[in-house]
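Please have a look at the sequence and the model while I put them up, and then I will walk you through a few parts of them.

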Amino acid sequence: MYPHHREREQPIFSSRAHVFQIDPGTKRNWIPASKHAVTVSFFYDANRNVYRIISVGGTKAIINCTVTPSMSFTKTSQKFGQWADSRANTVYGLGFATEQQLHQFSDKFKEVKDAARLAREKSQDKELANTALTIAAPQDLSDELQSPPVMCVNGPEDKLFRSQSADITLSAEKERIKKMLSEGSICEMNLESELFTLQDSNSKLVAALHEANANVEQWKKQLAAYQGETDRLRDQVVELEAHGGHGPSDLLKDELTRSLEELEALLKAKDEEIHILQSKKVEYHEMEHHRDEAIHRLRETEMRNAELERRIQNSEQNLNNSLEERDRMDSGIQRAIEILDIKIFDLNDLRQSLVKLIDK
C-alpha cells in the first residue's frame, strides 16, 4: 500500500560538501547549515519523473530541493557554488574540498536540469492530451474520514451528531500514522545516502586494490632480480678484495659499491611501497566492514518500515470497523426515534380520545 522510499527514488550522484544558506535578513551573509561536510545527493523519482537534491544531517533534512528548468548553478569561486530555490525562498551554497568536486557537481546539476526540462515538456504534452481525465482527482484519505452530514429527524431542532470522543480518537490515530511514516522515511533516506557513499568508496578501493596487487607481483619479481644482482655484485666485490688489486680494480670496486648502494636504496623504497599497499588493503577491509554494517542497518530499517506498514494497515482496518459500528449505531438510533415518533403519535391520539370522552 505504501511503497518503500528505495523503490520511489533512486540516488544518481553524491558528493560531500559544506552546506550554507543565505541570511534571510541581509540576503548577503551565509549561514552554515551543517557543522561539518555532509553528503549531498541527486535523487530521481521514476513515478513522478522528478529530480531532487537532498542532504540529510542526522534526522534533519538540510536540503530538500526539487530541480526545475529555471534553476542555475553558479560557481562563485574555485571551490564554492550556489543556486536559488524559489519554492523554499532561499539560496543554497556548497563549499567543496577540491575544485574537481565542484566541477563534477556543476556538470551533474546541468545534466539534471536538462532532464527536468525534458520531463516537464513531456508532462505538459501528456496533460494537454488527457485534460478531460484529470478533472476529477481522487480525494485524500483525510477527506474520506471527514464527518458525515448531520441527520434531521423531525425538524431543525432534532439533529443527531456523531460522538465527539470518536472524532478525537480518529484524529489522534491519523496524526500517529503520519508521524510513523515521516520518521521511517527520514531514517531510510539517511541510510540510503550513506550506503551510496560507501558503495562509491568501495568501488574505488577495489580498483585500487586490484591495481596494487598487480603492482606488488611485478615489484616482487623486480625485487628478486635486484636481490640476485646485489648478491652477484657482492660476490664480485669480495673477489676483488681477496685479490687485493689496485688501479682499475679500485675504480671498479667503487663503481660496484655505488651500484650496490643504489640497489639497496631502491630495495628500501620498494619495501616502503609494499608496506603502504598493505596498509591500504587493511583500509579496504575496514570499508567493507562499514559497508556491511550499513547494509545490515538498511535491512533493519526496511523491516521496521514493513512492521510500521502492517500496523498502519491494522489501524486503518480498526478505523473502518469503528466507522461501520458508528453507522450501525446511527441506524439503530434512527429506528428508535422513528418508533418513538409512532408511539408519541399514538399517545397523542389516545389523549385526544380521552379529551373527547371527558367532554361528553
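Predicted model: local features only at pLDDT ≥ 70, side-chain atom pairs only at ≥ 80, totals over all residues.

Residues are numbered from 1 along each chain as its sequence is written, and side-chain values use heavy atoms, with hydrogens and water left out.

Let me begin with strand β4, which covers residues 50-57; helices (H or I, at least four residues) and strands (E, at least two) are taken as DSSP runs and numbered from the N terminus. How many of the eight residues of β4 are buried? Seven of them are, so the strand is largely enclosed by the rest of the structure. Here buried means under 20% relative accessible area, exposed means over 50%, and partly exposed is in between, with a 1.4 Å probe and protein chains only.

Strand β4 has a partner in β3, residues 38-45, and these two pair in the antiparallel sense over six bridges; we say that two strands pair if DSSP finds at least two bridges between them. If you look for S41, you will find that its bridge partner in β4 is I54. Strand β4 also pairs with β5, residues 60-66, again in the antiparallel sense and over six bridges, and in this pairing S55 stands opposite I63 in β5. As a general point for those new to strands, in a regular strand the side chains alternate between the two faces of the sheet.

The turns that link these strands deserve a moment as well. Between β4 and β5 there is a hairpin with two residues between the strands, and G58 in that turn has a positive phi of about 70°. The hairpin of β3 and β4 has four residues between its strands, and there N49 takes a positive phi near 60°.

Strand β1 pairs with β8 in the antiparallel sense over four bridges, and strand β7, residues 80-85, pairs with β8 in the antiparallel sense over six bridges. Which residue in β8 is the bridge partner of W83? The partner is Y92, and Y92 is also the residue in β8 that stands opposite Q21. Strands β7 and β8 form a hairpin with four residues between them, where N89 in the turn has a positive phi of about 55°.

Now to the backbone angles. Most residues other than glycine have a negative phi, and most peptide bonds are trans. K27 is another residue other than glycine with a positive value, near 60°; K27 lies in the loop between β1 (9-22) and β2 (30-32), and at 47% relative accessibility it counts as partly exposed.

Let me turn to charge. Side chains of opposite charge can pair when their charged atoms come close. A search of the whole structure finds nine salt bridges, each being a side-chain nitrogen of Lys or Arg within 4 Å of a carboxyl oxygen of Asp or Glu. One of them joins R48 and D45, with the closest N and O atoms 3.0 Å apart; R48 counts as exposed at 55% relative accessibility, whereas D45 is buried at 5%.

Another salt bridge links E111 and K108 at 3.3 Å, N to O, and both residues lie in helix α2 (residues 99-129), three residues apart, which is about one turn of the helix. E111 counts as partly exposed at 48% relative accessibility, and K108 counts as buried at 17%.

In helix α4, residues 164-243, R232 and E229 also sit three residues apart, and their side chains meet in a salt bridge at 2.3 Å, N to O. Helix α4 contains E211 too, and E211 is exposed, with a relative accessible area of 52%. How far apart are the C-alpha atoms of E211 and L277? They are separated by 10.0 Å, although the two residues are 66 residues apart along the chain.
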